[in-house]
Amino acid sequence: GSFPAGLGILVGIGFDPLTGNTFVHPRFATTIHEFTSAGTEVLPTLVSPGTSSNDYDLEFAPEPFTLGTTPVAANTLIIMNGEDAPLRRVYALDKNTGAVLASRPLPAAGTDPVGMAYHPGRNSFFTIDWVIDNIVEVNPATGAVLGTFSVNPVGAPLFSVFYGDIEVDQGTGRLLLVS
C-alpha cells in the first residue's frame, strides 16, 4: 500500500516491524513523523536530533547492540544525520518519546553519508557516501572504520549515489543500494 504523507520531500524512512508503522523525516525538518499503514499520523512527532539535514536516514535495530558505551535494545529507532555539525552522528532514540538514548560520531572516512544500515551478522553499520560513491563499514561501539570500498567495483556497471540509501537483506546479509 501507499499513502501521501503530505510533508514535502522525504529523505529518511524507517519501518518499525513490531508496530507496522513507518517513520519518516522530511528534508531539513526538525521533526520525525510516524504513520500507520493506513496513512494516519501517530502523534506527537519526535524532535530530530542534531542539525537540520537532508542527508538523513532512519532504521530500526534488528538486534541489541552497543552504540558507543551504551547498550541499545532491539527495535530501537536509529538515526544517521550526515550533516550534523561538527561531526556526522548516529543516534539511538526512544521511538515513543524521542529521547536520545545514545549517540556516536561517524568516522571521517566518508565525507557525506546519506544512508546507513545496521548489519546484524557483522555487528556493524554500513554508511553510503554520495560525494565519493563509497561504502564505509563502522564498528558502532568504537567508531573504528572496519573497511571502505567503492560502489563501483571493477567490471560492474557505473553506479552513482545521489540521495541514495543502503540496506541489509536480513536473510542473506547482502548490501542493497539505491540512488
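Accessible areas come from the Shrake-Rupley method with a 1.4 Å probe, and for residues only the protein chains shown count as cover. On that basis the protein chain has an accessible surface of about 8500 Å², and carbon and sulfur atoms hold 59% of it. The model is predicted, so local features need pLDDT of at least 70 and side-chain atom pairs count only at pLDDT 80 or more, while totals for chains, interfaces and linings use all residues. Residues are numbered from 1 along each chain as its sequence is written, and side-chain values use heavy atoms, with hydrogens and water left out.

The protein chain contains zero helices and 16 strands (DSSP runs numbered from the N terminus: H or I of at least four residues for helices, E of at least two for strands). Of its 179 residues, 44% are buried, meaning under 20% relative accessible area with a 1.4 Å probe, protein chains only. The C-alpha trace spans about 45 × 35 × 35 Å along its principal axes.

The lining has 14 residues, and Leu10, Val11, Gly12, Tyr56 and Tyr163 lie nearest the pocket centre. β1 (10-15) and β5 (56-60) each supply at least two lining residues, and β1 gives the most, with four.

| Class in the lining | Residues |
|---|---|
| Nonpolar (Ala, Val, Leu, Ile, Met, Phe, Trp, Tyr, Cys, Pro) | eight residues |
| Polar (the others, Gly among them) | three residues |

Methods. On a 1 Å grid over the protein atoms alone, a cavity is a set of points where a 1.4 Å probe fits but cannot get out, and a pocket is an open set with protein on both sides within 12 Å along at least five of seven lines; lining residues have an atom within 4 Å of a point. Buried means under 20% relative accessible area, exposed over 50%, partly exposed in between (1.4 Å probe, protein chains only).
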